[in-house]
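Subject: Structure handover

Hello,

Please find the structure below, with the notes that go with it.

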Amino acid sequence: MIDPAEFALWNSGVPRPYLKALSPDDLLAEADGVRVRDAAGRRYLDARSGLWNVTLGYGNTRVKEAMKQQLDRLPFANSHGYGRPAQVTVDCAEALVRHLPDGINHVRFASNGAQAVEMALLLSRFLRLRAGQPERMAVFAMWDGFHGQGPGAGMVTGVPYLHHQTGPMLPQVHHAPGPFSHGAVEGVSDMERLITEFGPERVTAVIVEPIVGEGGHILSPDYLASLARFCRRHDIHLVFDEVVTGMGRVGDFTRAGQLPDVTPDIITLGKGITSGYIPMSAVAVHDRLFEQLHDRTTAETALSVGSTNDGHAVAAAAALAVIRVLEEDGVLENVRQRSTDLVGALGKVQAQHPELTGVRCLGLFCGLEFGEPGGEPWTPGRVNKLRMALESHGVLSSSLRVVPNLMLMPPLVITEDDVTEIAGALDAALTDVKAGRVPESGFARAMG
C-alpha cells in the first residue's frame, strides 16, 4: 500500500482512506485501443472510456498526429480576451457548426464541461441584464441531472450533497423532478408545472441533459419537444447539456440533432470533443442569442467569461481531427450497430439474471438498474460490489455514488467481440455477487 506521507498527488476527496486502499501496482501504466494496462501488467477492457470521454479509444492516430503537427507549428494560441485566435481554432469552429442543429452557428471554446455549463448560464443572465430584465435570473434544472462540479455547475447539478459541502454557491437555482422520478405522472411535466407556479417571467434558463447522466434516463422526444415549446412560448433559454451525449456517443454529433422538433438556444459539449486526449469543451449558441450578444455589447460592456486555455490551438487541432474521424471513418455507424449488439447481449444476461431489472441504452450510453425481482432496488454499495466483480473479470465500468446504477460507456470504436466480452464479464460478475465472491482489491475499493 502507499504511505500517504510520501504521496504528493492529491487524488481524492478523502485522500487518506483512498491511499490506504491503493497499491503502486494499481496505477495505470499504458493503453491502446479500448484497453488499459496497470503497473502489475493486468489488462482491462475500458467500458467506461476513461471518465466517459475517451470516445475513440486510446490510440487514434489521426488525433495524435494532428496534435503533434500543431505542437510543431503553433503550440499555443487562445480565444479569450485576445484578437488573434489560431487559424486551427477558427477551422474547428466552422467544422463543428456544420454538424449542429439549424440556427446554431456560433461556438465559444472552453476548457471543461463544468466551465461550459457556467459560461452558458452566465451568458443567459448577462443577456437579461443587458435587456433591462434584472428580475429574470432564476435557473431551473432537473433532480439527478449532472452538469459538473463547482459553484455554478455544481449548483445546477441535481445531486444535493454538492449543494452544501462548501457553503454558498450560485443563487436562484431551482430543481424539478424528471419524468423518470418516483411518483411522476405520465404526460405531466413537473418542470413546466413548477416553472408556471414560480413565474416564467422570472426564469432566464432551463438546463437539461437529454439523457440524464445519473442513471442513463432517456428523456423522450415528446417530453423534450414539449419543454422546448414551453420555453419558446415564455422566452426562456433552453440549454442542452450534451457534454456526455455529444460527439458521437448517441450515434450522432448531438442528441438535439436527432430530435426534429427541438432546437435548443445553447448546447454545451465536452468529453469526446477531443476524445479526452487534451482538455476542451464548447458552448454552441443559436443565432437568436448571438445577435442579442452582438447588439447589446460594447468594449465597455463585454461579457467577461473565459480562461487562459480557451480555444487552445492544440486542443482545437485534436477536436478538428475528431470531427473528421466522425465524418469519415464510420464511427457513427459503428455506434449504431454496436448499440444494437449491446442491447441484445444485455437482454440475454437479463434473462439469466432477473436482478438486472432495467437496461436503458441509446447509442453507447447505457444505464443498468438492479434490484431483487419484485422487491427493493440494490443499494449503491451493492452495485459498487458488482463493479468490483466486473473489474475482476477484466472490464472497467462506472457505478454512481448516489444512484444505484451501473453505467456502461464504452469507446465508440468497440467491436462485436468487445460487446460479447462485456456481456460475458457482466454475466460472470453477477454470478459472483450472488455467490458472495467479491474481490477486495485496493483499487476496486478506492474507485467506488
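A nonpolar core is a set of buried Ala, Val, Leu, Ile, Met, Phe, Trp, Tyr and Cys residues joined through side-chain atoms within 4.5 Å. Buried means under 20% relative accessible area, exposed means over 50%, and partly exposed is in between (1.4 Å probe, protein chains only). This is a predicted model, in which local features need pLDDT of at least 70 and side-chain atom pairs count only at pLDDT 80 or more, while totals for chains, interfaces and linings use all residues. Residues are numbered from 1 along each chain as its sequence is written, and side-chain values use heavy atoms, with hydrogens and water left out.

Cores

The largest nonpolar core has 96 residues, and Met191 and Val206 have the most contacts inside it. Its largest share, 13 residues, comes from helix α11 (residues 313-328). Helices (H or I, at least four residues) and strands (E, at least two) are DSSP runs, numbered from the N terminus. Leaving aside residues up to four places away in sequence, Met191 touches Val206 and others, including Phe140, Pro177 and Tyr223; contact means heavy atoms within 4.5 Å. A second, separate core has 25 residues, among them Ala110, Val117, Leu123 and Met169. In soluble globular proteins, nonpolar side chains tend to be buried together.

Strands

Two strands pair if DSSP finds at least two bridges between them. An open sheet of 4 strands runs in the order β1-β2-β3-β15, with mixed pairing. Strands β1 (28-32) and β15 (395-396) stand at the edges with a single partner strand each, so one side of each has no neighbour in the sheet. Strands β2 (residues 35-38) and β3 (residues 43-46) pair in the antiparallel sense over 3 bridges, and Val36 stands opposite Tyr44 in β3.

Elsewhere, what covers the faces of β11? The line-up of its residues gives part of the picture: Ile266 and Thr268 on one side, and Ile267 and Leu269 on the other, are all buried, and both faces are covered. Strand β10 (residues 237-241) runs parallel to β11 and is joined to it by 3 bridges, with Val239 having Ile266 as its bridge partner.

A pocket is found on a 1 Å grid over the protein atoms alone: it is an open set of points where a 1.4 Å probe fits, with protein on both sides within 12 Å along at least five of seven lines, and lining residues have an atom within 4 Å of a point. The second largest pocket holds about 680 Å³ of space, the volume being the space filled by probe spheres set on the points. Its lining has 27 residues, of which Ser79, Val107, Arg108, Phe290 and Leu293 lie nearest the centre. The lining divides into 16 nonpolar, 9 polar and 2 charged residues. Here Ala, Val, Leu, Ile, Met, Phe, Trp, Tyr, Cys and Pro count as nonpolar, Asp, Glu, Lys and Arg as charged, and the others, Gly among them, as polar.

Ser49, in helix α2 (residues 49-52), has a positive phi of about 50° although it is not a glycine. Ser49 is buried, with a relative accessible area of 0%. Ser275 lies in the loop between β11 (266-269) and β12, and has a positive phi of about 55°. Ser307 sits in the loop between α10 and α11 and is partly exposed, at 26% relative accessible area.

Regards
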